[in-house]
Amino acid sequence: MKEEDNASFKAVYDKYAKALFFYAHNIIKDRAVCEDIIQEVFISLWSKRKSNTITSLKPYLFQAVKYQIFNHFRNNKFSKEDLTRLNIIDVSMNVSQKLEYSELDQIIRDYVAKLPKRCRHIFVLSRYQHKSNKEIAEELEISVQAVKNQISKALAFLRSNLQLEDAVFLFLVLLH
């Protein structure tokens, strides 16, 4: 987006706008206000695209929506019920994100277990034990290039299986 790539901005919008809207709507219950909040968040994202250094987009966007909701409440007197609802939803989102992470981590670990033995061993040393390619090569008495090749093979396997998993999930969602 920093290079004013409209397609990447649209992709971000398409991916997150609906979830951000539902997050805001669970708190405010006013469709027009929620739409304004989401629009404001994305306008701000686009206008600050060159100066922002966002490391994790999804939490940033949800935090921006939360900030806009607080501004809305500050500018329009809010009840204790509204504040309680905001806190409950925020806690449930944190729990949901942790569940998503742990589920994804388990899926990845399941696929890692399906890698060929040597490939799996090198991948585990690299990604879970945080050893450098050089350290792995020395430990296993192989070339650094062989280590790189096995890691690339493992990543390609994981990437293709995770994309397949994503496609199956999308298909199942569309069936219901």
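# Rings, core and loops

Visitor: Which residues do ring pairs link into a cluster?
Guide: The cluster joins Phe 9, Tyr 13, Phe 42 and Trp 46 through ring pairs. Bear in mind that this is a predicted model.

Visitor: How many aromatic pairs are there?
Guide: The count comes to seven aromatic pairs. One of them is Phe 9 with Trp 46, an edge-to-face pair at 5.1 Å centre to centre, with 65° between the planes.

Visitor: Where do Phe 9 and Trp 46 sit in the chain?
Guide: Phe 9 belongs to helix H1 (residues 6-28) and Trp 46 to helix H2 (residues 31-47). They are 37 residues apart, and the pair links distant parts of the chain.

Visitor: Is Phe 9 buried or exposed?
Guide: Phe 9 has a relative accessible area of 17%, so it counts as buried, given a cut-off of under 20%.

Visitor: What about Phe 21 and Phe 22?
Guide: Those two form an edge-to-face aromatic pair, 5.9 Å centre to centre and with 65° between the planes. Phe 21 is buried at 14% relative accessibility, while Phe 22 is partly exposed at 47%.

Visitor: OK, changing topic. How many residues are in the largest nonpolar core?
Guide: That core has 23 residues. Those with the most contacts inside it are Leu 20, Ile 28, Ile 38, Phe 42, Leu 61, Val 65 and Ile 69.

Visitor: Which helix gives the most to this core?
Guide: H1 does, with ten residues. H1, H2 and H3 each supply at least two. As background, nonpolar side chains in soluble globular proteins tend to be buried together.

Visitor: What does Val 65 touch?
Guide: Leaving aside residues up to four places away in sequence, Val 65 touches Leu 20, Tyr 23, Ala 24, Ile 37, Ile 38 and Val 41.

Visitor: Which residues in H3 are buried?
Guide: Val 65 is among them, along with Leu 61, Phe 62, Ala 64, Lys 66, Gln 68, Ile 69, Asn 71 and Phe 73.

Visitor: And how far apart are the end C-alpha atoms of H3?
Guide: They are 27 Å apart. Helix H3 runs over residues 57-75, and its 19 residues should span 27 Å at 1.5 Å a residue, so the two values agree.

Visitor: Where is His 130?
Guide: His 130 is in the loop between helix H5 (117-128) and helix H6 (133-140). It isn't a glycine either, yet its phi is positive, at about 55°. With 66% relative accessibility, His 130 is exposed.

Visitor: What about Ser 126, buried or exposed?
Guide: Ser 126 is buried, with a relative accessible area of 8%. This serine is in helix H5. Beyond residues up to four places away in sequence, Ser 126 touches Lys 131, Ile 136 and Ile 151.

Visitor: How far apart are the C-alpha atoms of Ser 126 and Ile 136?
Guide: Their C-alpha atoms are separated by 7.5 Å, and the two residues are ten apart along the chain.

Visitor: Last one: which ring does Arg 109 lie over?
Guide: Arg 109 lies over the face of Tyr 128, at 4.3 Å from the ring centre.

Methods: Residues are numbered from 1 along each chain as its sequence is written. This is a predicted model: local features need pLDDT of at least 70, side-chain atom pairs count only at pLDDT 80 or more; totals for chains, interfaces and linings use all residues. Side-chain values use heavy atoms; hydrogens and water are left out. Rings of Phe, Tyr and Trp (its six-membered ring) pair if their centres lie within 6.5 Å; planes under 30 degrees apart count as stacked, over 60 as edge-to-face and the rest as tilted. Helices (H or I, at least four residues) and strands (E, at least two) are DSSP runs, numbered from the N terminus. Buried means under 20% relative accessible area, exposed over 50%, partly exposed in between (1.4 Å probe, protein chains only). A charge sits over a ring if NZ of Lys or CZ of Arg is within 6 Å of the ring centre and within 35 degrees of the ring normal. Contact means heavy atoms within 4.5 Å. The expected span of a helix is 1.5 Å times one less than its number of residues. A nonpolar core is a set of buried Ala, Val, Leu, Ile, Met, Phe, Trp, Tyr and Cys residues joined through side-chain atoms within 4.5 Å.
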